[in-house]
Amino acid sequence: MLDELIHETRIAYFSMEIALQNQIPTYSGGLGVLAGDTMRSAADLELPMVAVTLVSRAGYFRQEIDAQGRQLEHPHDWDPARWASPLEAKIAVVIEGRIVWIGGWLYVLQGHMNGRQPVMLLDTDLDENSSEDREITHYLYGGDESYRLKQEIVLGIGGMRMLQALGFEIRQYHMNEGHSALLAVELLRRYAYVSEDLRPGEVPYDIPRVRELCSFTTHTPVEAGHDRFPYDMVQRILGDVIDLATLKHLAGEDNLNMTRLALNSSEYVNGVAKRHAEVSRTMFPGYRVHSVTNGVHPFTWTAESFIELYDAHIPGWCHEPELLIRAECCITDEAIWQAHCEAKAALVNKVSALCGVTLNAEIPILGFARRMTAYKRPDLLFSDMQRLKAIARQRPFQIVMAGKAHPRDEGGKGLIETIHRHIRDFADIVPMAYLPNYDMDIAFSMVSGVDVWLNTPLRPLEASGTSGMKAAFNGVPNLSVLDGWWIEGCIEGITGWAIGDSAESDNNADARSLYDKLEHTVLPLFYEDRAGWIAVMKGAICKNASFFNSHRMMRRYATEAYIG
Ligand SMILES: *Cc1c(COP(=O)(O)O)cnc(C)c1O
C-alpha cells in the first residue's frame with residue numbers, strides 16, 4: 001500500500017493536530033479541522049502530499065458537563081491499529097541525552113472521489129522506550145512546556161527522519177503553525193557546509209537552500225500564543241543538534257521562538273485571511289507575509305439534502321465549488337427551504353437525543369459552537385438578559401451551543417458554567433441547549449441544522465474562523481463580528497449580517513449591535529419575509545461557499561507556495 005503512495009515526489013504537510021474522521025480524536029479544534037480539510041482537498045485534487053502528525057493515543061479529551069455546568073475532562077483513548085497500519089520503519093531522536101525510538105502508523109485518507117493521501121501518525125509508545133518517553137505522543141496539547149518541546153522534537157525532527165527512512169522524496173515542507181518548525185533544524189543538518197569551505201563568521205549551513213524548501217502558515221495573531229522555549233531547556237532536552245549561534249540567529253536570541261524559526265526558515269509565509277496577514281506583518285516587521293484565506297472541504301461539510309440538490313442542479317460542484325455561484329438561479333426557493341428543513345429536523349432530533357431538550361422546528365435556531373475561551377466571547381449574547389428576553393417575547397428564537405475549554409483555561413471553563421446558568425434562568429423564554437463534547441460530528445449537525453450562525457470574537461483575535469464557512473455550504477447565513485474571514489465574506493443583507501463595525505472591539509457597542517440586528521433585521525426577515533430570507537440563504541451559498549472552500553485554498557497553495 002505504502003509503496004504505491006511513495007513513488008511520486010510529494011509535499012510534506014506537518015501539523016500537530018489533524019481531524020481525519022470523527023472517531024479519531026487527534027484534533028482539538030479549528031487548526032486540526034483545517035489540516036484535515038487540507039488533506040481531503042489534496043485527495044480530491046490529486047495533489048501529491050503526505051501529512052505528518054502525532055498519533056495522540058489519548059486524544060485531546062472527551063468532555064462531559066455535570067449538573068452544575070462544570071466541564072469534566074476524560075482521556076479519549078483510541079486504538080490506531082483499528083484504523084491504520086504499522087509503518088515499516090523505526091527511527092530515533094535524542095531527547096535529554098537518551099535515544100527515543102519513533103515508530104508510527106500509516107492512515108490512508110480516502111477521498112470521496114478517486115484520490116487518497118498518506119498520513120503518518122508518529123508514535124513513541126514502543127517497548128524500546130522508557131515509560132516516560134512512551135507517553136510523549138499520548139496527550140494532544142497536554143503536559144508542561146518540556147513535554148511540549150519533546151512532542152515538537154518528535155514531530156519536526158522525528159517526522160523528517162521517518163519520511164526519509166520510508167523513502168519519500170519531498171520537494172516542499174509545509175508547516176501548519178509553528179509547532180513543527182524543528183523540521184528546519186533537521187534540514188539545516190542535511191545542508192551543512194564542510195568547515196574548510198567556510199569563511200570566518202559565515203554560518204555553517206546553506207540557509208537559502210533550506211528556505212526554498214519550506215513554507216509556513218501562521219495562525220496566531222497574538223505574540224503570547226506562540227510557543228517559545230528557554231535555551232537552557234532546549235540545551236537540556238534537544239542537545240546540540242546544530243550550533244547554538246545559528247539556532248539563535250534563526251529562532252531568537254532570548255528564547256527559542258518556534259514562530260521566528262519557521263519565519264526565518266521559510267521562503268513562503270502566509271496568514272489565513274487578509275486581515276490576519278496584515279496583523280502578522282505588523283507583528284513580524286520585515287517579513288513578507290502573504291495571505292491565503294482558509295476554506296472548508298465541500299463534501300465533508302455539506303448536509304446530505306444539499307448534496308442531493310447541488311448534484312442535481314450543479315453537477316461538478318464538488319470538484320469546482322466555484323460553480324455554486326449558479327445556485328441563485330438554478331435552484332428553486334422551495335427546494336432550498338426543503339433541504340434546510342431536513343437538516344434542521346436532524347439537528348432537532350440530535351439535540352433531543354443528546355441532552356433531552358425539545359426544540360421547535362418552526363422557530364429559528366441560533367447556533368454558536370467553538371473553543372470556549374475569553375476572546376471568542378460566547379457570553380456576549382447574554383450581556384443584557386432583559387433586552388434579550390424582550391426580543392424573544394416579540395419574536396421567539398432558540399439557541400444551540402457547544403464547545404470545549406482547554407483543561408488549563410480556567411476562564412474558558414468559567415464561561416461554560418455561566419452559559420449553563422443562563423440556560424436554566426432562560427428556559428421558560430428561550431429554549432437553549434448545550435451539546436457536550438463538541439467534535440466534527442456535532443459541528444456538522446449544528447452548522448447545517450441551525451438558521452443563523454453566530455460568531456462574536458474580540459477583534460482582531462479571530463485569525464480566520466472556519467465554522468461559518470461550513471454553515472454557508474448549507475445555506476445558513478452568518479451573523480458575525482467583522483473579523484477573520486467574515487471581513488471578506490460579509491455583504492450586508494446579501495450573505496448575512498455584520499455585528500458592529502471593523503474598528504476596535506467594544507463589548508457594550510458590540511452587544512448593542514448584536515441585539516439591534518436580531519431585533520430589527522434578522523428575526524423580522526425570518527418571520528415576515530420568507531422569500532427575502534431564502535434570498536440570503538442563497539447569497540451564503542453563491543457568494544460564500546463558492547469561494548471559502550479548501551479546494552480554492554489548496555489550488556493557491558499549490559501554485560504560490562509549492563510551485564511558485
Ligand atoms: C470547524 C470546527 C472548528 C473551528 O471553528 P471556528 O469557527 O474556526 O472556531 C472547531 N472545532 C470543530 C470540531 C470544528 O468542526
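Predicted model: local features only at pLDDT ≥ 70, side-chain atom pairs only at ≥ 80, totals over all residues.
Q: How many residues surround the ligand?
A: Among the closest residues to the ligand are Lys376, Ala443 and Thr466. Ser467 and Lys470 are also listed among the closest. The residues that surround the ligand number 14.

Q: Why does the ligand lie between domain 1 and domain 2?
A: Domain 1 covers 2–195 + 210–294 + 553–562, and domain 2 covers 304–548. The ligand lies between them because the shell around the ligand takes residues from both domain 1 and domain 2.

Q: How far is a side-chain N or O atom of Ser467 from an oxygen atom of the ligand?
A: A polar contact is a pair of N or O atoms within 3.5 Å. A polar side-chain atom of Lys376 lies 3.1 Å from a ligand oxygen atom, and for Lys470 the distance is 2.6 Å. For the side chain of Ser467, the distance to a ligand oxygen atom is 2.5 Å.

Q: What percentage of the area that the ligand exposes when taken alone does the protein bury?
A: Taken alone, the ligand exposes 390 Å². The part of this area that the protein buries is 95%.

Q: What space lies in the largest cavity?
A: The count of cavities of 30 Å³ or more comes to 1. The space in the largest cavity is about 40 Å³.

Q: Which element gives the largest share of the lining of the largest cavity?
A: The lining includes Tyr13, Leu34, His174 and Met553, and by class it has 5 nonpolar, 4 polar and no charged residues. Helix 2, strand 9 (170–176) and helix 22 (550–562) each supply at least two lining residues. The largest share, 3 residues, comes from helix 22.

Q: Is the peptide bond from Arg459 to Pro460 cis or trans?
A: Pro460 is in the loop between strand 18 (452–455) and helix 18. The bond from Arg459 to Pro460 has omega near -5°. This peptide bond is cis.

Methods
Residues numbered from 1 in each chain as written. Heavy atoms only, no water. Near = heavy atom within 4 Å. Polar contact = N/O pair within 3.5 Å; in protein donor to acceptor, adjacent residues only side chain to side chain. Areas by Shrake-Rupley, 256 points an atom, 1.4 Å probe, with all protein chains shown as cover. Domains from an automatic or database assignment. 1 Å grid on protein atoms, 1.4 Å probe; cavity = no way out; pocket = protein on both sides within 12 Å on 5 of 7 lines; lining within 4 Å. Points joined across faces, edges and corners; volume = space filled by probe spheres on them. Helix = DSSP H or I, 4+ residues; strand = E, 2+ residues; numbered from the N terminus. Nonpolar A, V, L, I, M, F, W, Y, C, P; charged D, E, K, R; others polar.
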